[in-house]
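Student: I have the sequence and the structure open, and I would like to work through them by asking questions. Can we start with the ligand?

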Amino acid sequence: MRLSLSNRLALVFSAITLLAVGGLYLYVAPGLQTRLLSEKLHQLATAAKADSAPIVDTVGATDLASVVSARVERAALMSGDRVTLLSVNEAPGGAQLPPVADSSNPAATGELSFPVAYRAAANGQPATGMESAKSGEVAEAASPVSFAGHLAAVIVYSAPVSDVLHSVAIVHHEILVAGAVALLLALVGGYLTANAVAQRVKRLERAAEEVAAGNFNHPIAVDSTDELGQLAVAFNAMQRQLAQLELARKKFIATASHELRTPIFSLGGFVELLEDEDLDLETRQRFLEQVKQQVERLRKLSVDLLDLSRLESGSLELREEEVDLGELTRSVSGEFEPTLHQHDSHLELRLAARRIDAQCDPVRIAQIMRILIDNALTHTPAGTRIVVTAARNDGRVRLAVRDDGEGIDRDALPRIFEPFFTADDAQGSGLGLAIASELADRMSGRLSVNSAPGETVFTLEIPA
Ligand SMILES: Nc1ncnc2c1ncn2[C@@H]1O[C@H](COP(=O)(O)OP(=O)(O)O)[C@@H](O)[C@H]1O
Ligand SMILES: [Mg+2]
């Protein structure tokens with residue numbers, strides 16, 4: 001059988017309470033009775049020994065019976081106990097102990113047989129003990145008295161202990177009642193507490209199911225600062241993040257399909273136009289040029305999309321080899337010679353005098369450099385100066401592309417590394433910097449930007 005959290009907790013609470021009450025009932029209460037009784041016996045024994053001198057004096061003396069009785073009465077009054085003087089008559093079957101004087105009503109004397117007095121007489125030592133009388137338990141302490149080298153009498157102090165036993169019984173009863181109440185409280189309290197916790201856990205469970213079903217819009221109410229409250233906070237944070245990821249994913253797909261659709265539509269249009277047989281050669285040539293451009297745009301877009309998805313899924317393999325980054329920078333810059341010419345721009349290379357050797361993937365470094373130089377050309381006015389530098393610094397290699405264009409808009413700056421983000425109408429797909437920064441991450445490096453009107457610098461830092 002599977003017990004619910006509430007039932008289990010209620011059971012544990014009850015078991016603990018039961019154990020505590022049982023311990024009180026079975027150990028503390030009987031102990032209390034023993035302690036109280038032995039205290040009473042000790043008190044009687046002390047009185048019998050210390051306060052009985054006037055009675056002891058009468059033993060063996062020739063006092064009148066009334067004098068002896070008066071002394072016994074006095075002793076009883078002083079201690080508050082019943083005092084009995086027994087004389088010791090040696091007999092063949094054992095000593096006989098007839099009472100000589102008794103502080104209580106003589107009619108009641110017969111009720112007690114004083115077994116402790118016989119023990120004291122037999123051993124010649126004080127003795128204490130209990131006797132069951134008709135009226136209840138009686139505690140007794142006997143003190144033997146010798147005269148002329150013989151045991152002559154025994155003085156017995158006795159007191160009923162029914163009040164002690166009664167008090168202990170009350171304590172017993174109260175433990176039972178309090179125990180029953182505590183048990184009930186433990187059961188109900190345990191159940192209610194656990195039930196409240198279970199309810200809150202249930203809420204979390206339901207929320208988790210919502211998230212599993214792809215529904216991210218139901219944050220859990222955070223009702224306390226305890227562990228479950230913190231779990232709810234963490235859960236809500238996770239939900240927000242998932243929602244963001246989901247949003248980003250949807251946006252990515254929407255933008256990607258839009259980006260793909262535009263050149264495909266345009267291609268379709270040109271192909272239709274080209275079907276017209278009456279086209280003159282020049283127009284046909286122009287349309288074909290457009291077709292070529294759109295195909296090139298599609299090719300680039302598909303390569304970029306593939307790269308980005310491989311980078312994000314972590315399946316892009318990087319090849320590590322010893323590379324001279326100065327040489328690499330020079331050769332990539334060289335590729336831009338024709339474009340620079342068209343753009344009326346000038347590219348300046350500033351390389352360290354020594355070789356800049358590093359362990360890295362040359363293909364991917366070149367890809368990043370191409371993205372940066374291409375941006376410095378396409379997002380700047382004609383005639384822009386571009387400076388490409390490569391240097392080693394503190395165990396890191398820094399490759400930087402600087403241009404003196406108009407700079408990146410302050411609002412756009414934080415977003416330029418997002419996929420598909422473009423801040424101007426230069427017809428780019430907005431994937432370049434996203435790919436470049438993902439690549440830099442994969443190389444344990446960093447791509448950073450610094451831009452102000454008149455100067456934009458992209459810096460790639462990689463460990464070397
Ligand atoms: N050197 C630069 N000068 C000005 N703006 C830049 C520069 N480099 C990047 N940008 C801005 O960052 C945006 C994102 O760049 P990128 O990811 O390469 O996409 P794309 O070049 O396809 O537009 C560009 O649209 C442009 O607005
Ligand atoms: Mg670009």
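Student: How many charged residues does the shell around ligand 1 have?
Tutor: This is a predicted model. The shell around ligand 1 has nine nonpolar and ten polar residues. Its charged residues number two.

Student: Which residues come nearest to ligand 1?
Tutor: Helices α11 and α12 each supply at least two residues of the shell around ligand 1. Of the 21 residues around the ligand, the ones that come nearest are N375, A423, G428, G432 and L433.

Student: At what angle do helix α11 and helix α12 pack?
Tutor: Two packed helices are described by the angle between their axes and the distance between the axes. Helix α11 covers residues 362-378 and helix α12 covers residues 432-442. Their crossing is left-handed. The axes lie 10 Å apart, at an angle of about 145 degrees.

Student: How many residues of the contact of α11 with α12 are nonpolar?
Tutor: On α11 the contact includes I368, I371 and L372, and on α12 it includes L433, A436 and L439. The contact also has three polar and two charged residues. The nonpolar ones number eight.

Student: Which element gives the most residues to the largest nonpolar core?
Tutor: This core has 38 residues, and among those touching the most other members are I368, L372 and A436. A436 touches I368, I371, L372 and L447, leaving out residues up to four places away in sequence. Both α11 and α12 are among the elements that give two or more residues to the core. The element that gives the most, with eight residues, is α11.

Definitions and conventions: Residues numbered from 1 in each chain as written. Chains lettered and ligands numbered in written order. Predicted model: local features only at pLDDT ≥ 70, side-chain atom pairs only at ≥ 80, totals over all residues. Axes fitted to C-alpha atoms, helices over the stretch in contact; angles between N-to-C directions. Helix = DSSP H or I, 4+ residues; strand = E, 2+ residues; numbered from the N terminus. Left-handed = near helix turned anticlockwise from the far one by under 90°. Contact = placed C-beta atoms within 7 Å. Nonpolar A, V, L, I, M, F, W, Y, C, P; charged D, E, K, R; others polar. Core = buried A, V, L, I, M, F, W, Y, C linked by C-beta atoms within 7 Å. Buried ≥ 20, exposed ≤ 12 C-beta atoms within 10 Å, placed from the backbone. Near = placed C-beta within 6 Å.
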